[in-house]
Structures are given as C-alpha cells and as structure tokens.
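I opened the model to look up its fold, then its strand pairing. My entries follow.

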Amino acid sequence: MRVSSDNSFSYAIYRLVPRLERGERVNVGVVVFCRPLDFLAARTGLNEERVAALWPELDLDAVRPHLEALERIAAGDAEGGPIAKLDTTARFHWLVAPSSTIIQPSAVHTGVCVDPTAQLDKLYESLVL
C-alpha cells in the first residue's frame with residue numbers, strides 16, 4: 001500500500017431508520033473508500049439498547065445479515081453476491097447509493113488521510129460507537 005499524507009478518501013455513515021415517518025436514526029456503520037490506495041472497507045455494529053428504545057418490536061436478527069452483507073460487499077467477498085465481484089469504485093458507488101430501506105447510507109463525505117484503515121477505525125469509533 002502506498003502511504004503518503006495526501007490520500008483523498010470518501011466515506012458514508014450507515015443508519016438504521018426504524019420508523020421513516022419519525023425521522024429517527026441510529027448509526028450502525030461506516031464505509032470508507034480511498035481510490036488512490038484501492039481501499040474499500042465497511043464496519044458495522046448494532047447498539048441493541050439504542051435500537052430497542054426507538055423500535056422495541058424490531059427483529060434485530062433480521063437486521064444483522066444485512067449489515068454483514070454490506071461488509072462482505074465492501075471486502076469483495078464472494079459471499080457478498082454479484083455486486084461484491086465489481087471493482088472497488090463500482091462497489092463503493094453501489095454501497096452509498098440512496099436507499100429507502102431500513103438501512104440507509106448518509107451523503108458521501110470526503111477527507112484526506114494517511115492510512116484508510118486507521119481512518120475507518122476513527123470514524124467507526126466516533127460515529128457508531
């Protein structure tokens with residue numbers, strides 16, 4: 001991996017939207033894409049207490065596989081299906097496409113980093129945990 005101080009990256013936050021009409025959201029993941037380093041990764045997590053406070057009847061066991069699929073697709077894992085076979089740029093665009101489902105990506109944000117893995121960790125810790 002080429003490391004420099006000027007690697008541009010893009011990221012989006014994944015949000016669980018239990019009740020669209022209420023506009024309430026719980027951050028459940030983040031995806032980071034760094035084209036100069038051909039890096040794409042997603043990390044997800046589910047704060048069950050937070051989700052239960054907004055939607056007690058939600059079946060969390062039904063949500064987890066969808067979050068895991070986002071991580072597999074970002075990683076290019078064959079178990080992620082046909083989209084996981086696309087190149088990193090195409091996978092990122094698919095992963096951040098607007099969605100009206102229960103799991104929705106935020107707008108795409110940009111920045112500069114030295115190490116996209118460390119940036120993913122930082123974003124996950126500050127935005128999801």
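I count two strands as paired if DSSP finds at least two bridges between them. Helices (H or I, at least four residues) and strands (E, at least two) are DSSP runs, numbered from the N terminus.

This is a predicted model, where local features need pLDDT of at least 70, side-chain atom pairs count only at pLDDT 80 or more, and totals for chains, interfaces and linings use all residues. Residues are numbered from 1 along each chain as its sequence is written, and side-chain values use heavy atoms, with hydrogens and water left out.

Pairing. I looked up β2 (residues 26-34) and found it joined to β3 by six bridges. The two strands run antiparallel. V31 sits opposite A42 of β3. Four residues separate the strands of this hairpin, and D38 takes a positive phi near 50° there.

Burial. I call a residue buried under 20% relative accessible area, exposed over 50%, and partly exposed in between (1.4 Å probe, protein chains only). Strand β3 (residues 39-44) has five of its six residues buried, so the rest of the structure largely encloses it. For the chain, 42% of the 129 residues count as buried.

Fold. I found four helices and five strands. Their order from the N terminus is β-β-β-α-α-α-β-β-α. The radius of gyration is 15 Å, close to the 14 Å of the globule rule for 129 residues, so the chain is as compact as a globular protein of that length. The radius is taken over C-alpha atoms, and the rule is 2.2 Å times the number of residues to the power 0.38. The C-alpha trace spans about 45 × 30 × 20 Å along its principal axes.
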